[in-house]
Amino acid sequence: MSRILVVDDEPAIQRLLQAVLERGGHAVLPATNARDAAALLGRGGIDAVLLDLGLPDRDGIELVGAIRAGSAIPIIVLTARSETSEKIAALDLGADDYVTKPFDGDELLARLRAALRRADRSAPVGDTIAFGPLKIDRARREVTVEGTPVTLTPKEFAVLETLTEAGGRVLTHAAILERVWGKAHAEDVDYLRVVIRALRLKVESDPSSPRLIRNEPAIGYRLAEIP
């Protein structure tokens with residue numbers, strides 16, 4: 001059973017989330033403001049956080065950064081704010097996922113399960129990282145897809161390594177560009193699109209219908225689990 005911290009100041013949403021999460025086999029720790037959330041996190045033993053952004057004592061975006069500064073715990077933002085700029089800010093600060101209200105309970109549980117799985121396997125084994133059919137040996141700079149070696153350029157390798165390290169979490173365009181090309185190129189999205197197009201030709205079974213490297217429109221990219 002996972003212990004989920006639910007940070008939301010609306011009693012009706014708290015009751016709804018408690019019912020949904022308990023149906024999914026999770027235990028719920030409620031907090032109605034950022035101060036109480038920080039206190040609960042400080043006690044430890046929490047496996048993931050569901051976080052509203054509209055808190056009475058602090059903006060939830062700030063709380064994302066504060067949590068991520070001291071913990072790798074999965075954070076799923078659950079909010080009525082649907083602006084792309086808000087999504088990008090939360091993801092850039094380290095949120096694992098972003099769900100807008102009203103939400104579907106089954107979809108929320110699925111996203112939570114995925115975030116918990118990613119957290120479980122986030123620790124690298126030696127210098128090798130893997131996600132789905134991908135395996136990257138960073139020391140040897142070798143990539144295989146379902147055991148088949150793939151030859152990549154240095155930029156393709158760096159982008160794929162960055163996405164794989166995120167383990168399925170959405171990375172914004174700026175986050176990838178800064179990591180691979182440097183801060184001076186944080187807005188050069190065309191650079192990234194060219195590399196993503198080349199990567200899909202090499203790692204996707206059907207590049208015209210990519211299933212592994214997924215586009216999050218106007219936000220960025222993520223790796224997706226392939227059933």
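This is a predicted model: local features need pLDDT of at least 70, side-chain atom pairs count only at pLDDT 80 or more; totals for chains, interfaces and linings use all residues.
A search of the whole structure turns up one aromatic pair. The pair is formed by the rings of tryptophan 181 and tyrosine 191, whose centres are 6.1 Å apart; the planes meet at 55 degrees, so the arrangement counts as tilted. Tyrosine 191 is part of helix H8 (189-203), whereas tryptophan 181 lies in the loop between helix H7 (173-180) and helix H8, so the pair ties together parts that are ten residues apart in sequence.

The charged end of arginine 141 sits over the ring of phenylalanine 157, at 4.1 Å from the ring centre.

Attention can now turn to the packing of helices. Two packed helices are described by the angle between their axes and the distance between the axes. For helix H6 (residues 154-166) and H7, the angle is about 130 degrees and the axes are 10 Å apart. H6 and H7 are therefore oblique to each other, and their crossing is right-handed. On the H6 side, the residues that meet H7 are Lys155, Ala158, Val159, Glu161, Thr162, Leu163 and Glu165. Their partners in H7 are Ile176, Arg179 and Val180.

Methods:
Residues are numbered from 1 along each chain as its sequence is written. Side-chain values use heavy atoms; hydrogens and water are left out. Rings of Phe, Tyr and Trp (its six-membered ring) pair if their centres lie within 6.5 Å; planes under 30 degrees apart count as stacked, over 60 as edge-to-face and the rest as tilted. Helices (H or I, at least four residues) and strands (E, at least two) are DSSP runs, numbered from the N terminus. A charge sits over a ring if NZ of Lys or CZ of Arg is within 6 Å of the ring centre and within 35 degrees of the ring normal. Axes are lines fitted to C-alpha atoms, for helices over the stretch in contact, and angles run from 0 to 180 degrees between N-to-C directions. Angles under 35 degrees count as roughly parallel, over 145 as roughly antiparallel, 65 to 115 as roughly perpendicular and the rest as oblique. A crossing is left-handed if the near helix is turned anticlockwise from the far one by less than a right angle, and right-handed if clockwise. Contact means heavy atoms within 4.5 Å.
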